[in-house]
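Here is a short briefing on one protein chain. Keep the sequence and the 3D view side by side as you read.

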Amino acid sequence: MIYEDLLFRFTEMSKKILGNNLVGIYLHGSAAMGCFNPKKSDLDLILIVKNDIPSAVKMEFMNKVVELNEEAPAKGIELSIVKKEFCNPFVYPTPFELHFSAMHLNWFKAQPEDYIEKMQGTDKDLAAHFTIINKCGVVLFGEKISEVFGKVRKNDYIDSIWLDIEDAREDIVTDSMYITLNLCRVLAYLQEDLILSKKSGGEWGLSILPQEFHALIQEALQSYETDRDMIIHLETAKHFAEYMLSQIEQCKAKLCEE
């Protein structure tokens, strides 16, 4: 398994700190979907608990997460803690007890009490994460996926993945690889009901989309699978984003009519 020792120590730490409140720990994302690249990927984790987590326990947990994050791949650890009552039946937008990713690291280091107090609420991204867990998630500890996670409604999943690409016209300029591959996998779901990784989304795009976009998609795939940045032709990338959003919006409108 990818980063097996780190995931083992993370699991043991979580069990020790969260104790009997912990229901399970589940790996999702690229590490579960077979396309992990330590230069471009993070370790995506969902922890499920029975009850609210006291602030002191959150603080202890976060201090350990920050320590382990130093050993994680380039993009670090990303995790959310969710109470089991919101998993089945699935609640959307999904309430969460605690969240962490590398983009929040400086906030926690600078103002840990503020972070612990404010880092809770709802997160629409969890619909996409739970869908991946139901499809190919890995149980690191605890109850079976089928015993914890209910089905995510199609409309909720679509809303969740749409949020990832709704600003693609602008974002493809600054985050070209991610947006290019994500546009492919969103359209693959809307057209063919396929739940794909970024890598398999790009491969689907090469088999389905117009030839004029193939070089862009191939470049995105090569960037995703290596340690180099994506090189783009700006006008082609903007045209691709425009075309894909148009296709995605047409599919969404058609689904709303059904």
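In what order do the 5 strands of the open sheet lie? The order is β5-β3-β2-β1-β7, and the pairing is mixed. This is a predicted model, in which local features need pLDDT of at least 70 and side-chain atom pairs count only at pLDDT 80 or more, while totals for chains, interfaces and linings use all residues. Residues are numbered from 1 along each chain as its sequence is written, and side-chain values use heavy atoms, leaving out hydrogens and water.

**The sheet**

- The edge strands are β5 (98-100) and β7 (138-142), and each pairs on one side only.
- From one strand to the next, the twist averages 15 degrees.
- Strands β2 (residues 43-49) and β3 (residues 77-83) pair in the parallel sense over 7 bridges.
- Two strands pair if DSSP finds at least two bridges between them.
- Strands (E, at least two residues) and helices (H or I, at least four) are DSSP runs, numbered from the N terminus.
- Leu43 stands opposite Ile77 in β3.
- Helix α6 (residues 125-136) packs on the sheet and touches β1 (22-28), β2, β3 and β7. Contact means heavy atoms within 4.5 Å.
- The direction of α6 makes about 95 degrees with that of β2. Axes are lines fitted to C-alpha atoms, for helices over the stretch in contact, and angles run from 0 to 180 degrees between N-to-C directions.

**Helix α10**

- Of the 17 residues of α10, 13 are buried, so the helix is mostly covered. Buried means under 20% relative accessible area, exposed over 50%, and partly exposed in between (1.4 Å probe, protein chains only).
- Just after α10, Asp193 takes a positive phi of about 60 degrees.

**Aromatic rings**

- Rings of Phe, Tyr and Trp (its six-membered ring) pair if their centres lie within 6.5 Å; planes under 30 degrees apart count as stacked, over 60 as edge-to-face and the rest as tilted.
- By this rule the count comes to 11 aromatic pairs.
- Trp107 and Tyr115 form an edge-to-face pair, because their planes stand at 65 degrees, with ring centres 4.8 Å apart.
- Trp107 is partly exposed, at 26% relative accessibility. Tyr115 is buried, at 0%.
- Tyr157 and Tyr189 are also edge-to-face, with centres 4.7 Å apart and planes at 85 degrees.
- This pair links distant parts of the chain: Tyr157 lies in helix α8 (residues 154-165) and Tyr189 in helix α10, 32 residues apart.
- Both Tyr157 and Tyr189 are buried.
- One aromatic cluster is formed by Tyr26, Phe90, Tyr92, Phe130 and Phe149.
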